[in-house]
Amino acid sequence: MRLSISQITTVSQSFADDLDAYRAAGADAIGIWEMKLADDSLERFRASGLAAAAASPAVPSILPLPLMDGPADPGERV
């Protein structure tokens, strides 16, 4: 069995911290959230040895979400 962890579970940590923590926890993959990416994230991800399990865009829903930024208009969110 392979294990992945979504970055939304550690929303206050950085992408780099997530990579280190998930690898240390024995995860095989990471669910990446665009809102956590930095300029060096691709290089760090490749060096981590983790696979990508999923990718969530910066605006993850067509409808507004109370705890996530984004335009109010659904058309703009798409």
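Let me begin with proline 57, which at 45% relative accessibility counts as partly exposed; buried means under 20% relative accessible area, exposed over 50%, and partly exposed in between, with a 1.4 Å probe and protein chains only. Proline 57 sits in the loop between β3 (51-56) and α3. Its C-alpha atom is separated by 7.3 Å from that of methionine 35, and the two residues are 22 residues apart along the chain.

A word on the basis of these values. This is a predicted model, in which local features need pLDDT of at least 70 and side-chain atom pairs count only at pLDDT 80 or more, while totals for chains, interfaces and linings use all residues. Residues are numbered from 1 along each chain as its sequence is written, and side-chain values use heavy atoms, with hydrogens and water left out.

Now the overall arrangement. The protein has three helices and three strands, and along the sequence they follow the pattern β-α-β-α-β-α. Helices (H or I, at least four residues) and strands (E, at least two) are DSSP runs, numbered from the N terminus. The C-alpha trace spans about 40 × 30 × 20 Å along its principal axes. Of the 78 residues, 24% count as buried.

I turn to helix α1, residues 15-24. Which of its residues are buried? They are Phe15, Ala16, Asp18, Leu19 and Tyr22. Seen down the axis of α1, these buried residues fall within an arc of 160°, so they line one face of the helix; the arc is that of the directions from the helix axis to the C-beta atoms. They pack against β1 (4-6), β2 (29-33) and α2 (41-48). After α1 comes glycine 26, whose phi is positive, near 95°.

Helix α2 has the buried residues Ser41, Phe45 and Ser48. These cover an arc of only 60° around the axis, which puts them on the same side of α2. The face turned away from that buried side carries the exposed residues Glu43, Arg46 and Ala47. The buried residues of α2 pack against α1, β2 and β3. Glycine 49 follows α2, and its phi is positive, near 85°.

How do these two helices meet? The axes of α1 and α2 come within 10 Å and cross at roughly 10°; axes are lines fitted to C-alpha atoms, for helices over the stretch in contact, and angles run from 0 to 180 degrees between N-to-C directions. That makes α1 roughly parallel to α2, a term for angles under 35 degrees. Phe15, Ala16, Leu19 and Arg23 of α1 make the contact with Ser41, Arg44, Phe45 and Ser48 of α2, where contact means heavy atoms within 4.5 Å. The residues of this contact divide into four nonpolar, two polar and two charged. Ala, Val, Leu, Ile, Met, Phe, Trp, Tyr, Cys and Pro count as nonpolar, Asp, Glu, Lys and Arg as charged, and the others, Gly among them, as polar.

Next, the core. The largest nonpolar core has eight residues: Phe15, Leu19, Tyr22, Ala27, Ile30, Ile32, Phe45 and Leu50. Such a core is a set of buried Ala, Val, Leu, Ile, Met, Phe, Trp, Tyr and Cys residues joined through side-chain atoms within 4.5 Å. The largest share of this core, three residues, comes from α1.

Finally, valine 78 lies in the segment after α3 (74-77). Is valine 78 buried or exposed? Valine 78 is exposed, with a relative accessible area of 76%.

Methods. Parallel < 35°, antiparallel > 145°, perpendicular 65-115°, else oblique.
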